[in-house]
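The sequence and the structure are shown first.

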Amino acid sequence: MDRFMKMALQEAEKGVEAGEGGPFGAVIVKDSEVVATGHNMVVKTNDPTAHAEIVAIRRASQKLGTFHLEGCVMYVTAEPCPMCFAAIHWAHLQKVVYCNTTEESAAIGFDDSLIADIMAEKREDPVRFEHRPSAACGRLFMKWYEDPNKVLY
């Protein structure tokens, strides 16, 4: 186990021992230097999005002053869930190194197959999504689109 994965494991253990969330820890590294760490804080914060990867991405973005983390590598104790997978892509991380697989996470009670199955249309979505077109929403989109000073992300 390399030193960065060992740090992710230690971060996860810290969160578990504090009762802050599941056994998930993440470390973000750039140019062989640790930029940020995070562990699962769902229980502590009552925030279902406070996964280790999300916490670490938020901290790294703040520290580096950018929402694009190009050139960064994330070390995490488990294969990312669908939410974290998306966040990793939105953050433009270069690489993710993980230990435990999605199947191993499911075996201890962290089963995200429902989301993957819904996205693959193998299962009906229990959340109802309703489309309500709005001229006002359309105008807001166009206002942003036409702004020459907008910041794309």
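Residues 24 or more positions apart make up 46% of the contacts in the protein chain with a separation of 6 or more, a contact being heavy atoms within 4.5 Å. This is a predicted model, in which local features need pLDDT of at least 70, side-chain atom pairs count only at pLDDT 80 or more, and totals for chains, interfaces and linings use all residues. Residues are numbered from 1 along each chain as its sequence is written, and side-chain values use heavy atoms, with hydrogens and water left out.

The protein chain contains seven helices and four strands, in the order α-β-β-α-α-β-α-β-α-α-α along the sequence. These elements are DSSP runs numbered from the N terminus: helices are H or I of at least four residues, and strands are E of at least two.

Of the 153 residues, 32% are buried, that is, under 20% relative accessible area (1.4 Å probe, protein chains only). A nonpolar core is a set of buried Ala, Val, Leu, Ile, Met, Phe, Trp, Tyr and Cys residues joined through side-chain atoms within 4.5 Å. The largest such core has 21 residues.

Ala60 is among the residues with the most contacts inside the core. Leaving aside neighbours within four places in sequence, Ala60 is in contact with Ile28, Val35, Ala36 and Leu69. A second, separate core of seven residues includes Phe4, Ala8, Val73 and Tyr75.

Note on methods. Buried < 20%, exposed > 50% of the residue type's maximum accessible area, 1.4 Å probe, protein only.
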